[in-house]
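Open the model in your viewer and keep the sequence beside it. The stops below say what to select and what is there.

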Amino acid sequence: MLIAQKKRKENIVEYILYMWNVEDLIRANGLDMSQIDKNIIDKYGIADPVARQQVYDWWENLCVMMKREGCDKSGHLQILTMLANDVYNFHLYLLTRQEEIPYQNAFKTAWPDLSLFMTKIPDGDKMQHVLLALTAIYDYYLLKLQGKIVLADTTNAIVRISHFMALLSQKYLKAERELHADDKEVSPDGDFVATAK
């Protein structure tokens, strides 16, 4: 919970990837809070009962949301999908801005790698750029976690994709902070909406 909150404030891409991992951990524990409590929450070693209950409630709420939204077997929570779409819309906005040439170049550098991943990921040809990049990075993470051999070309591709996504994350959070500073009536979810000035 605390890690998620910190990542949401500091790196939107890492936040989404972290939350995808949380979803997978919940699925691996059968959406069963007694298993999640034993296998995950207990490992935090939280002594304060109030803090422990807050962490327990956070995991339990995610379980409820996953069941309600039908992503108990696969897929992602709507809030994460909407956030990824919001980041994608911001990406499209950056691609139209003349002052964003460095960002556009980072995307162009990553595009051949994304195109290749598009052919290797199920339904990759139907994914928007940001979701494709997130999926490529997450799949790479899973391969490494499973101890599978990853080719140097794949690692180099992920480095290029990660560079593009890191720039996107920095720019997204900067714009989000500026939006909050300029507008006191921001939606509760705090999502960025590109507006012409």
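The tour goes from the whole chain to single residues.

This is a predicted model, in which local features need pLDDT of at least 70 and side-chain atom pairs count only at pLDDT 80 or more, while totals for chains, interfaces and linings use all residues. Residues are numbered from 1 along each chain as its sequence is written, and side-chain values use heavy atoms, with hydrogens and water left out.

Show the whole chain as a cartoon. The protein chain has 8 helices and 0 strands; helices (H or I, at least four residues) and strands (E, at least two) are DSSP runs, numbered from the N terminus. The C-alpha trace spans about 50 × 50 × 30 Å along its principal axes.

Beyond neighbours within four places in sequence, Trp-59 is in contact (heavy atoms within 4.5 Å) with residues including Val-22, Met-33 and Tyr-44.

Now select Thr-135 in helix α7. Is Thr-135 buried or exposed? Thr-135 is buried, with a relative accessible area of 11%; buried means under 20%, exposed over 50%, and partly exposed in between (1.4 Å probe, protein chains only).

Finish at Leu-151, in the loop between α7 and α8. Leu-151 is exposed, at a relative accessible area of 60%.
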